[in-house]
Amino acid sequence: MDVSDHDILLVGGGAAGLRAAIAAAEVHPKLSIAVVSKVYPMRSHTVSAEGGAAGVIKADDSLDEHAYDTISGGDWLCDQDAVEAFVKEAPLELVQLERWGCPWSREPDGHIAVRAFGGMKKKRTWFAADKTGFHMLHTLFQTTLKYEPIARYDEWFVTKLLVDDGRVLGVVAIELMSGRVQAITARAVVLCTGGCGRVFPFTTNANIKNGDGMALAYRAGAPLKDMEFVQYHPTGLPFTGILVTEAARAEGGYLLNKEGYRYLQDYNLGTPEPKPVLRSMELGPRDRLSQAFVKEEQKGRTLTTPYGSVVHLDLRHLGERTINLKLPFVRELCLKYQNLDPVKELIPVRPVVHYMMGGVSTDVDGCTPLPGLYAAGEVACVSINGANRLGSNSLAECLVFGRRAGRAAALFASEQRVHHRNALAQAHDEQKRLESQFLQKSGGRERVAAIREQMQATVEASAGIYREEPSLTRAAAKLRELQERAEDVSLDDHSHTFNTELQSALELGFMLDVAESIVECALHRSESRGAHQRTDYPARDDGNFLAHSLLFRNEDGSSRIAYMPVKITQWPPGERIYGRPQEPARETTAAVDQSRQDKQSLPARRAS
Amino acid sequence: MGESIVLEIARYSPERDAEPHLETYEVPLRKEWVVLDALNHIKDKIDGSLTYRWSCRMGICGSCGVMVNGEPKLGCATFLSSYAGRKRVRVEPLRYFPIVRDLVTELGDFLAKLKKVKPWLIRTDGPLLREGEYLQTPEQLDDYRQLSMCINCTLCYSACPVVGLDALFVGPAAIALAQRYNKDSRDRGAKERTLILAHPDGIWGCTFVGECTRVCPQHVDPAGAIQQYKVGSALAWFEGLIMPKKRRKTEDRHGAAAD
């Protein structure tokens, strides 16, 4: 068996992975860096992001306001030191992307244009029409091509982290084209594998979003943080789950129930105005909008389709010119996939699983508790997103924390000696497991697709927009059963060349672990906060749960949960106010001033 | 069960087959199903060994290009219902690429060609990051915006007769990408790229059939980019013809600088 060796491995070639690779290359040109990705980097899911990336750049805006919007949007579960670092570095990172050629949309005078976004009090979302993620990813990918030290393992699927005595030493991966299993050793590994939307049946996430990195880290002994916080985006197209970007509402789109009524006004989100109002109505945060949809559905005020209830997104009043200029992809997707023209027709939409706030627990430099293991982007939980991420913070997060993690990993790797004891033996064991459990096995009775469908239905039914104890308990038992049945999977495909069925079976294993972690964390958090709404515990409980859930894996596959206090620097927990002419800015300023004066932060009460 | 449709799918496994062959599968004909949904149906319910690439299912990741009835298409953007009257729908791997297995083609050569045209912003005089962005007006953005839309799906390579005849031809998407940077007001690298594009395997390979533009799902118009470039670089080409030594020297110098 071959072993190849690098100083730093990036697992995943999306925005976070590529940004980390460049950051590592800039620490020292002599470092050997490799990006290992199960798809060609330009296929990574960053490509699907539409609306934009947040970073303060205009004169009327401030870092404190971006931080406050993020923290209140996250229902005070964000670590405020991380948020402060994030808002400070985001604009520089977005300028950096501009220098690398990203075709950001512009003002007539040539400066960067910004648009409004949900939960943001100022316009600070940079955009490249409504294909922002696509342009960022291709700009990053094309830029990495000029860095000779960055090697690529395209279409290599990582099945396991190499761990020796708690220290991460590389990965075991399958080269899909040949089926060859190989150890790739490294001084530091950075997980940048993105989210896990495919754990649910109805998601905006691409087929490749299986929580790989979360499961890899969890199995290696790193804790997962805040996995109960799953974001539903309020506007997905029925059947396909294709996202209609929040930018559609930022440009002035309305959400209408079946009576043509802007129903959000009934949910403490403000009063309807003809033009978009920041932090109000359709520009409220995603958790509150998705929850309002469910309430509206319960009142019988949604429309019924073969693919579930829907409401309407109305863009008609924006006019063809604005739609073509600002939202061309929305129009293209509606025409192509929904056979309707948003210039003239209403768009049917329903909430759709979109983003995982939780992930591999890291500090502000992407370090996990395991030496040698780092994580950045959606796979990680720093946490800047708390209980509910604001739209356009995640692309900027990939850049800011991709750079930080890449840099930290490079500095760590520079100080380490080559050290890969047991790597070869572990890779041999992994190869044997793949052969005996999948490729050589005969007589298994289960199909990958059948277990996957049952898992998705189970998670949706228990850990959807609203949750309660009995269904979560049942789901936990069902997922345990599916874990056991997954051991009995039988493949049709026993060949080594590009075996996508083997890959699906391994991805199913990752997803089952992630599904269990979501349900487990949701079961233990007996409060409602942000995207985690418990009908049996409808109130936020700062006394017990101003804390991150940390889920650890035990040797026998079971889990144990612990809580870690949220870091509060300047913004003590308060009420989330949207759509009211409140004084959050002044209140915030007062709180900030006070906190700066006495240099004391509110101590977080720890949950037992 | 309602209506159905028959797919003929090219199957090939290097471990088993000497060459590709067709197998037929009957799948439900649902109005919201695209070709990719049919492939997923077959993989999940009928034959788990069917092999193809896919990811975003929204026409932006560029993974799922296949030949459908002889035309290069994105599997996720091609509705089964548009073939409803036909007896069979034939699905094959993208033409002119080596086949890895079933519908999966080899992309290494394509990626090498992309890299060859230096698809990154070339400029050395930039101000510090904290001094802010380069200015670029919406009109300047419009000069290259459409060329920046390429999703690397490689449909244009399967449509291009020159790619079929000459494996060295750098090809439509790579030329369009080079031109995307050449036309970006922030870029200073057009001269460097000329050395690559003015080569016989560069733009002059193109016989202007225009098929690349016709099949492009993002309306990038590679044929237009190539034509524009031909006009723009005619001078460099003539210099190369009249003074071949001078051109070779320039190339050598450039090669040394790059090392």
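Modeller: In this predicted model, strand β3 (residues 65-68) of chain B and strand β4 (residues 71-74) of chain B run antiparallel and are joined by 4 bridges. Two strands pair if DSSP finds at least two bridges between them; strands (E, at least two residues) and helices (H or I, at least four) are DSSP runs, numbered from the N terminus. Val68(B) has Glu71(B) as its bridge partner in β4(B). With 2 residues between them, β3(B) and β4(B) form a hairpin, and Asn69(B) in the turn has a positive phi of about 50°.

Local features need pLDDT of at least 70 in this predicted model, side-chain atom pairs count only at pLDDT 80 or more, and totals for chains, interfaces and linings use all residues. Residues are numbered from 1 along each chain as its sequence is written, while chains are lettered from A and ligands numbered from 1 in the order in which they are written.

In chain A, helix α5 (residues 212-220) packs against helix α14 (residues 500-524) at an angle of about 75°, with axes 8 Å apart. Axes are lines fitted to C-alpha atoms, for helices over the stretch in contact, and angles run from 0 to 180 degrees between N-to-C directions. α5(A) and α14(A) are therefore roughly perpendicular to each other (65 to 115 degrees). Among the residues making this contact are Tyr218(A) of α5(A) and Phe510(A) of α14(A); two residues are in contact if their C-beta atoms, placed from the backbone, lie within 7 Å.

Between the chains, 45 residues of chain B are in contact with 46 residues of chain A. On the chain B side, β6 (99-101) and α3 (138-145) are the elements giving two or more residues, and α3(B) gives the largest share, 3 residues.

Definitions and conventions. Parallel < 35°, antiparallel > 145°, perpendicular 65-115°, else oblique.
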